[in-house]
Amino acid sequence: MVTILETELKKGIEQAIKKAKKSLAPILVSEVQKVEHIEPLSFFSAGKENFHGERFFWKDPDEQTYLIGLGICKQIQNEQLSDRFEAVEKDWADLIKEAIVFNDEGKRGTGPLVFGGFSFDPLKEKTPLWSQYSHSLFHLPQFLLTLVDGEAYLTTNVLCTQHDDMTVWKKVLSERQTILSFASSPAELEMAQILKKEEVVNPDEWKDSVQKLVADLKAGQLKKVVLARELRIFFKDKVAADFVLPRLLTEQKASFTFALESNGDCFIGASPERLVKKEDDQLFSTCLAGSIARGKTKEEDERLGEALLSDEKNLIEHHYVVEMIKAAMDKVCQQIELPTKPTLLKMRDIQHLYTPIVGEALEDSTLLQVVDSLHPTPALGGLPQREAVEKIRRIEALDRGFYGAPIGWLDYQGNGEFAVALRSALIQGSEASLFAGCGIVADSDSESEYAETNIKFRPMLSVLGGLGNE
């Protein structure tokens with residue numbers, strides 16, 4: 001069992017309470033301790049009883065960084081329709097400006113860190129489906145487990161007010177030791193979920209909207225518009241993220257695995273697409289557009305991959321994304337590097353055209369500024385960007401919520417990473433909504449696009465038990 005004996009937390013809380021009494025504003029205390037290895041799923045499950053609905057999980061595709069948060073020390077959220085990225089950044093900067101931080105290690109992803117995301121389009125009418133998620137929602141956890149470069153760190157965050165006394169310290173120590181005690185045991189395996197039915201939401205209407213959009217594209221200035229749809233599935237019992245995460249980690253190893261709980265709901269997924277990563281002055285982004293199924297044999301898989309690499313429609317769609325991301329990166333970078341042509345990124349159920357972009361950030365560039373400039377990419381919105389999003393807002397029946405939007409983390413040193421929330425589901429008790437979209441261009445066929453979205457449903461359907469023997 002992991003036990004933390006020496007702590008600077010007590011001293012920090014004493015200082016913070018005194019500081020809060022003078023400033024009359026809450027003061028954050030954050031302490032980082034290097035600890036023995038803790039299994040990420042065990043730590044996540046350790047918060048199931050006391051912190052259910054207040055947890056998050058993150059793993060990058062290289063398995064170099066795991067972030068698991070339990071409890072909400074501070075929530076940054078807003079329903080702003082404009083300047084929402086700037087508003088989150090300001091709230092975060094105001095909080096950490098006066099924070100007392102004990103972090104001798106200084107590793108990225110340790111210390112004060114917020115995890116969360118944004119809705120795809122704040123101007124789209126919100127529906128009850130996403131009622132538990134604000135347009136901008138970020139959690140600063142009470143307890144954060146960071147696994148980075150093979151080492152484990154535990155961050156404890158406490159927000160002290162003028163009304164607190166040192167009983168806060170004793171309470172935090174007790175909660176922390178309870179968590180560490182539970183986390184030292186293997187995570188309990190959740191019972192397999194019994195699927196009752198799958199309900200495709202308005203399939204005919206979706207195909208009709210594709211056909212009408214194709215006619216508009218042929219007659220107008222729009223080059224591409226991404227349309228998404230929903231699949232609702234129903235289970236016998238409540239579905240827990242603790243059941244879904246282990247399967248995602250096994251079946252979608254090369255993806256960003258994420259889960260964000262909010263007021264009982266859980267947005268969860270395994271996305272192949274990085275939006276942007278910031279490490280010091282280095283920025284990394286990914287162009288991912290154009291897709292085809294995996295083959296059942298090696299020969300078929302290679303044939304499908306070669307067909308994708310030479311398919312004009314998909315290459316044009318991919319080029320749109322590359323040009324847009326390059327233009328956005330140019331605004332915040334001194335220089336950028338990218339390959340001359342795409343390669344294949346092969347996932348379990350699907351393969352994509354893939355082009356990475358690396359840039360050296362300007363001195364005053366921040367991570368959320370870059371997120372703002374990149375969202376939405378043509379892979380999720382379309383081209384031209386503003387006109388495509390306006391078109392989606394008018395004709396798409398789905399409330400996307402966090403689907404297709406930025407989700408990720410930002411630490412107090414300005415480092416962080418955001419993925420595009422693809423291959424995802426919103427779990428609500430014994431039901432879940434799955435989301436998938438595809439890029440519609442002038443020569444698109446509604447049946448082919450419908451089939452493509454079925455392929456994109458597969459990763460989440462598989463982990464939720466909806467593919468049978470397929």
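The briefing below goes from the whole chain to single residues.

This is a predicted model, in which local features need pLDDT of at least 70 and side-chain atom pairs count only at pLDDT 80 or more, while totals for chains, interfaces and linings use all residues. Residues are numbered from 1 along each chain as its sequence is written, and side-chain values use heavy atoms, with hydrogens and water left out.

**Overall form**

- The chain holds 11 helices and 21 strands, where helices (H or I, at least four residues) and strands (E, at least two) are DSSP runs numbered from the N terminus.
- The radius of gyration is 22 Å, close to the 23 Å that the globule rule gives for 470 residues, so the chain is as compact as a globular protein of that length; the radius is taken over C-alpha atoms, and the rule is 2.2 Å times the number of residues to the power 0.38.
- Along its principal axes, the C-alpha trace spans about 70 × 50 × 40 Å.
- Of the 470 residues, 56% are buried, with buried meaning under 20% relative accessible area, exposed over 50% and partly exposed in between (1.4 Å probe, protein chains only).
- Among contacts (heavy atoms within 4.5 Å) between residues at least 6 apart in sequence, 77% join residues at least 24 apart.
- The chain exposes about 20100 Å², and carbon and sulfur atoms supply 48% of that area, as computed by the Shrake-Rupley method with a 1.4 Å probe, where for residues only the protein chains shown count as cover.

**The largest pocket**

- The largest pocket has a volume of about 400 Å³; a pocket is an open set of points on a 1 Å grid over the protein atoms alone, where a 1.4 Å probe fits, with protein on both sides within 12 Å along at least five of seven lines, and its volume is the space filled by probe spheres set on the points, which are joined across faces, edges and corners.
- Its lining, meaning residues with an atom within 4 Å of a point, comprises 18 residues, of which Arg-84, Pro-122, His-375, Pro-376 and Val-389 lie nearest the centre.
- Helices H3 (84-97), H9 and H10 each supply at least two lining residues, and the largest share, five residues, comes from H10.

**Backbone exceptions**

- Most residues other than glycine have a negative phi, and most peptide bonds are trans.
- The peptide bond from His-375 to Pro-376 is cis, with omega near -10°, and Pro-376 is found in the loop between helix H9 (367-374) and strand S17 (382-383).
- A cis bond also joins Leu-383 and Pro-384, with omega about -10°, and Pro-384 lies in the loop between S17 and helix H10 (385-395).
- Glu-63, although not a glycine, has a positive phi of about 60°; Glu-63 lies in the loop between strands S2 (55-59) and S3 (65-78) and, at 38% relative accessibility, counts as partly exposed.
- Asn-202, also not a glycine, has a positive phi of about 50°; Asn-202 lies in the loop between strand S8 (195-200) and helix H5 (203-219) and is partly exposed at 40% relative accessibility.

**A buried phenylalanine**

- Phe-435 is found in strand S21 (residues 431-440) and, at 2% relative accessibility, counts as buried.
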